[in-house]
Amino acid sequence: MIGRRWCKNLDAKSVVYLVGYGRSGSTTVADLLGSHPDVFVAGEINYLAESVALGWRCTCGEPIEDCAIWQGLIPVSTRHLESPWGFLSLIRKRRRDDYRAAWQAVLGGLRDRAQRPVVLDCSKTSLRVALRPLAMRTIVHQKIRVLWVVRPLRSTLGAIAAVPSNWQAGANGTAGEVPTATMGIRLAHNRRLLMAATTLAWMIANAAAAAYYAAFGGSRVKWTDLQTRPQEMSAVAIADLGLAPIIEPAPACRHFVGGNRSRWSPAPPEAGQ
């Protein structure tokens, strides 16, 4: 595979990109990989600008714009450029240059501040950001390895039926309004339409994930295995991604954004984290 030749080993300009659909165990696997001393878990940084605008906090407990890791590294939203219909606008050189400068600054700043050379971007491959991994590779010039967490469709539908949107679940006890444009919230009162929309989104996200996995290489983890053997699956992913085995787990570096926020209890920020 072309991608396997490009990215056989991770280095100081590598991004591990978590692909697939939401509710697939991405928060769990990100937490497991975050114990690796070379990996900084950034979370769903495609939502970074929106999260700041809504007043969300970093998982360290600080407002994102005041966090020691994120302060000064918040770009203007680029999600409109990472969708299939927005990607064409990157044909313009100035727009490509702006996109490259913004994300090189973010990724480079995260590596320097966290002192971890590999960034784990958990933005996944929903339709609205389906081309983000391609943009990271071809425009931002980052080496990409894929971490694909797969959950069966039927199980995913059950999770969506229980809580239509992570934004909705994460809103409890936090500042800022839930963005009502989120699909799960808008469709929550029409179960049949919600299930149909989720099925289509799941198919698109996993088709994109399969393509990136074939092109860039990486690791594929099944949600069912992640539930029963999380540590073993973490070790498999670490080996597949070309990371050195963990001898001693590193302290958690809890400074990520987005994701299933309801699972995290904000902790007091610590110097250097």
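User: How many helices and strands does the protein chain have, and how are they defined?
Analyst: Helices (H or I, at least four residues) and strands (E, at least two) are DSSP runs, numbered from the N terminus. Here the protein chain has eleven helices and five strands. Keep in mind that this is a predicted model, where local features need pLDDT of at least 70, side-chain atom pairs count only at pLDDT 80 or more, and totals for chains, interfaces and linings use all residues. Residues are numbered from 1 along each chain as its sequence is written, and side-chain values use heavy atoms, with hydrogens and water left out.

User: What does buried mean, and what percentage of the protein chain is buried?
Analyst: Buried means under 20% relative accessible area, exposed over 50%, and partly exposed in between (1.4 Å probe, protein chains only). In this model, 51% of the 273 residues are buried.

User: Where does strand S1 sit, and is it enclosed or open?
Analyst: S1 covers residues 14–19, and six of its six residues are buried, so the strand is largely enclosed by the rest of the structure. Both of its faces are covered: Ser14, Val16 and Leu18 lie on one side, with Val15, Tyr17 and Val19 on the other.

User: Which strands pair with S1?
Analyst: Two strands pair if DSSP finds at least two bridges between them. S1 runs parallel to S4 (residues 143–150) over six bridges, and Tyr17 stands opposite Val146 there. S1 also pairs in the parallel sense with S3 (residues 118–121), over three bridges; in that pairing Val15 stands opposite Val119.

User: What is Leu18 in contact with?
Analyst: Contact means heavy atoms within 4.5 Å. Leaving aside neighbours within four places in sequence, Leu18 has contacts including Ser26, Val29, Leu120, Leu147 and Val149. Leu18 counts as buried because its relative accessibility is 1%.

User: Where is Glu82, and is it buried or exposed?
Analyst: Glu82 is in the loop between helix H3 (48–53) and helix H4 (93–114). With 0% relative accessibility, Glu82 counts as buried.

User: What does the side chain of Glu82 make a polar contact with?
Analyst: A polar contact is a pair of N or O atoms within 3.5 Å; within protein, one must be able to donate a hydrogen and the other to accept it, and residues adjacent in sequence count only if both atoms are side-chain atoms. For Glu82, the partner is the side chain of Tyr99, at 2.8 Å. Beyond neighbours within four places in sequence, Glu82 is also in contact with residues including Asn46, Trp103, Arg128 and Arg132.
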